[in-house]
Structures are given as C-alpha cells and as structure tokens.
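The sequence and model come first.

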Amino acid sequence: MTFLLYLVMFFLLLNAFAIAQSLIRDSCKKAADQNPKIHYNFCVKSLEENPQSKTARSLDRLVMSSTKNAVSKTTSMKGIVDKILKENRYEKYSEKPLRDCLELYSDATNSLTEALTIIKSRDYKTANVVISAAVGAPPSCEIGFKEGKEPLKSPITKDNDVLFQMILIPLAFTNMLK
C-alpha cells in the first residue's frame, strides 16, 4: 500500500513538472514570436533553471518567477560593478560610465521590486509599465561607454546582454496577461 502511495505521488510530481515545462516552452515561444529581441532558448533555459518556474502551472506564476530572476540579476550586476570600482579594475575614463551603470541598476532594481508588488495584485498592465522602466538600464549603461571623447570598451557588455534578456522576459509575459 505504501509503495502504491509513493508511486501515485511520483506520477503527480512528474505531471506537475511536465505541465510547467510545457508552459515555459509555450510562453517563451509566444514571447519570442511577439518580440524578436527575446531569445527563445535563453528564455527556456533561464526559467527551467529556476525552481519556482519549474513548478509554475500558470503564466502569472511565470511572471512572478521571471521578475524575481530579473531582480536577482540586477542586484548581481550592482555587485559586479561595485567590485570593479572598488578594485580599480577599469580603463582610464571608465569610472563615470560605471558609476552611471550603478545608478541605472539601482533604479532598475527598485522598478522590478515595485513590479513584484504590483504583480501580486494581478495588475499586469501597470506591472508592464513599471518593468518597462527597468528594461532600459542595460542598453543605457552600454551607451554610456560609447559617449565621450573616445569610445570605451565596456567590461560588462556580456552581463548587460544577459540582464537585458532577463528583464525582457517578464515584460513580454505581463504584456500577454494585460
């Protein structure tokens, strides 16, 4: 009898993961179809790596987990830039753009954190607007390195590309729900 109970539980759990995986793939496909800047494979991978996303049974749960992913990555970017500044590991004239990036990431973190609160109330239209405010941080950061007397090489371009994708995902998902 105990074996039968474990077997039923196993299949229920397996079914939940299959539903979540299908939801992730379908949602990422729709998001990538609607916005060519979203990379389908990145979307799927980033969500499948997230334990909260793996058990999601609805798009609104994916919105919550993808927004939390974006908050986490934005916070991580603040730490990366802060470390570069503290260790003086940057080219001459790069300090100002790095400090500007730090401010952009702080603003983006605040916007994404506010979006989480709004998402909990299921106001996806407002959440979409608030997340939109955060999506400009990575490209604006990169632009800061290109402005000035001589263009500079950003030490965080790859990280900014990842962050941009991570913010685009909940933006696209909230767009689907509004």
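## Disulfides

A disulfide is a pair of cysteine sulfur atoms within 2.5 Å. The structure, a predicted model, holds two of them. Counted along the chain, the bonded cysteines pair as 1-2, 3-4.

Cys28 and Cys43 are linked with their sulfur atoms 2.0 Å apart. Cys28 belongs to helix H1 (residues 2-34) and Cys43 to helix H2 (residues 40-48), so this bond ties together parts 15 residues apart in sequence. The torsion about its S-S bond is -75°, a left-handed link.

In the other pair, Cys101 is joined to Cys141 with an S to S distance of 1.9 Å. Cys101 lies in helix H5 and Cys141 in helix H7, so the parts tied together are 40 residues apart in sequence. The S-S torsion of Cys101 and Cys141 is about 90°, so the disulfide is right-handed.

## Overall fold

The chain has eight helices and zero strands, where helices are DSSP runs of H or I with at least four residues and strands are E runs of at least two, numbered from the N terminus. Of its 178 residues, 42% count as buried.

## Helix H6

Helix H6 (residues 124-135) has twelve residues. Its buried residues include Tyr124, Asn128 and Ile131. The buried residues of H6 pack against helices H4 (59-86), H5 (95-120), H7 (137-146) and H8 (157-177), with contact meaning heavy atoms within 4.5 Å.

## Basis

Residues are numbered from 1 along each chain as its sequence is written, and side-chain values use heavy atoms, leaving out hydrogens and water. In this predicted model, local features need pLDDT of at least 70 and side-chain atom pairs count only at pLDDT 80 or more, while totals for chains, interfaces and linings use all residues.

Key
Buried < 20%, exposed > 50% of the residue type's maximum accessible area, 1.4 Å probe, protein only. Expected span 1.5 Å × (residues − 1).
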